[in-house]
Amino acid sequence: MFLDLSLAATTMTPSGDPTLKPGLDPASVTPGTLGFLATLFVVVLVILLIRDMTKRIRRVRYTAEVDQARAQRDAGPGAAADGVPDGAADGRPTGQDDTGRPMPGGKHGPDNR
């Protein structure tokens, strides 16, 4: 048993000289310039995809908020039965809310497709 332990201990210790196997060229085991460029391409591509995905998710969220605000505005207590918008009855322009700010979904909003 002692012989097995001593054999295992001697084969597991690394030698102090880091060398390659005979017949291997040091240039063939490194990625080189082509490997670096391929990795750089993948990193840049992933960064661009993440930015695009973030923009699309943000656009979907804003569109949902605009649709929700539009539904609340249409079904709100000021919705007229005759189809006249809220702003037209009290003299305000029709594209503004109570504070005078433009309503979401105007000509520059996310619904402009």
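Which side chain does Arg56 meet in a salt bridge?

View 1. Residues are numbered from 1 along each chain as its sequence is written, and side-chain values use heavy atoms, with hydrogens and water left out. The side chain of Arg56 meets that of Asp52, at 2.9 Å from N to O. A salt bridge is a side-chain nitrogen of Lys or Arg within 4 Å of a carboxyl oxygen of Asp or Glu. Side chains of opposite charge can pair when their charged atoms come close. Both residues lie in helix α2, 4 residues apart, or about one turn of the helix. Arg56 is partly exposed, with a relative accessible area of 49%. Asp52 is partly exposed too, at 34%. Here buried means under 20% relative accessible area, exposed over 50%, and partly exposed in between (1.4 Å probe, protein chains only).

**View 2. Asp74 and Arg73 form a salt bridge.** Their side chains meet at 3.9 Å, N to O. Arg73 is partly exposed, at 33% relative accessibility. The structure holds 2 salt bridges.

**View 3. A nonpolar patch lies on the surface.** Phe41, Val42, Leu45, Val46, Leu49, Ile50, Met53 and Ile57 form this patch. Together they have about 760 Å² of accessible area. Areas come from the Shrake-Rupley method with a 1.4 Å probe; for residues, only the protein chains shown count as cover. Patch residues have over 30% relative accessible area and no salt bridge; like charges are joined within 9 Å, and nonpolar side chains (Val, Leu, Ile, Met, Phe, Trp, Tyr) within 5 Å. Leu45 lies in helix α2, residues 32–75. Leu45 counts as partly exposed because its relative accessibility is 40%.

**View 4. The protein chain has 3 helices and 0 strands.** Helices (H or I, at least four residues) and strands (E, at least two) are DSSP runs, numbered from the N terminus. Where pLDDT is low, the predicted coordinates should not be read in detail. Buried residues make up 4% of the 113 residues in the chain.

Technical notes:
Predicted model: local features only at pLDDT ≥ 70, side-chain atom pairs only at ≥ 80, totals over all residues.
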